[in-house]
Amino acid sequence: MYHSPYQEVLATDVRTARGTEHGAILRSIELLQRGVEAGPRSAEAIEALLYTKRLWVFFIEQLGSPESRLPNKLRADLISIGIAVLRRIEAIRRGRSNDFGFIIDVSRSVAEGLK
């Protein structure tokens with residue numbers, strides 16, 4: 001089977017993007033764990049929540065883009081998960097919750113899927 005250089009570049013770009021996304025999620029998890037250790041009102045927690053919020057907003061924007069090549073059902077499911085993560089972040093930020101567990105668990109699951 002013939003593969004054009006363009007197809008090779010696309011395949012490499014997808015692998016690179018997935019690797020970058022994987023690394024960003026791992027960084028988010030690391031920051032969230034530091035936030036848990038330092039406490040929900042600590043500078044570490046604030047940094048973790050802000051980083052994770054920006055990351056999930058980016059993911060949601062990308063998933064909502066017409067250029068996304070993922071199946072519609074998967075895109076919708078991931079957007080729903082992203083919205084749930086953003087709600088948890090907001091609950092922690094407003095002092096209504098101290099539970100980082102859901103955000104960390106979801107992030108780990110997504111990171112596994114990007115391997």
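**Reading a helix, a pocket and a residue**

Mentor: In α2, the residues A45, A48, L49, T52, L55, W56, F59, I60 and L63 are buried. Buried means under 20% relative accessible area, exposed over 50%, and partly exposed in between (1.4 Å probe, protein chains only). This is a predicted model, in which local features need pLDDT of at least 70 and side-chain atom pairs count only at pLDDT 80 or more, while totals for chains, interfaces and linings use all residues. Residues are numbered from 1 along each chain as its sequence is written, and side-chain values use heavy atoms, with hydrogens and water left out.

Trainee: Why do the buried residues of α2 line one face of the helix?

Mentor: Seen down the axis of α2, they fall within an arc of 135 degrees, so they line one face. The arc is that of the directions from the helix axis to the C-beta atoms. On the other side of α2, A43, I46, R54 and E61 are exposed.

Trainee: How many helices and strands are there in the protein?

Mentor: Helices (H or I, at least four residues) and strands (E, at least two) are DSSP runs, numbered from the N terminus. Here there are four helices and zero strands. Helix α2 covers residues 43-64 and reaches 32 Å from its first C-alpha to its last, close to the 32 Å expected at 1.5 Å a residue; the expected span is 1.5 Å times one less than the number of residues.

Trainee: Which residues line the second largest pocket?

Mentor: On a 1 Å grid over the protein atoms alone, a pocket is an open set of points where a 1.4 Å probe fits, with protein on both sides within 12 Å along at least five of seven lines; lining residues have an atom within 4 Å of a point. The lining here consists of P40, R41, I46, L49, L50, K53, I89, E90, I92 and R93. The elements giving two or more residues to this lining are α2 and α3 (72-93).

Trainee: What is Q33 in contact with, leaving aside its neighbours within four places in sequence?

Mentor: Contact means heavy atoms within 4.5 Å. With those neighbours left aside, Q33 touches I104 and R108. Q33 lies in helix α1 (residues 5-38) and is partly exposed, with a relative accessible area of 31%. Q33 and E44 are eleven residues apart in sequence and 9.1 Å apart in space, C-alpha to C-alpha.
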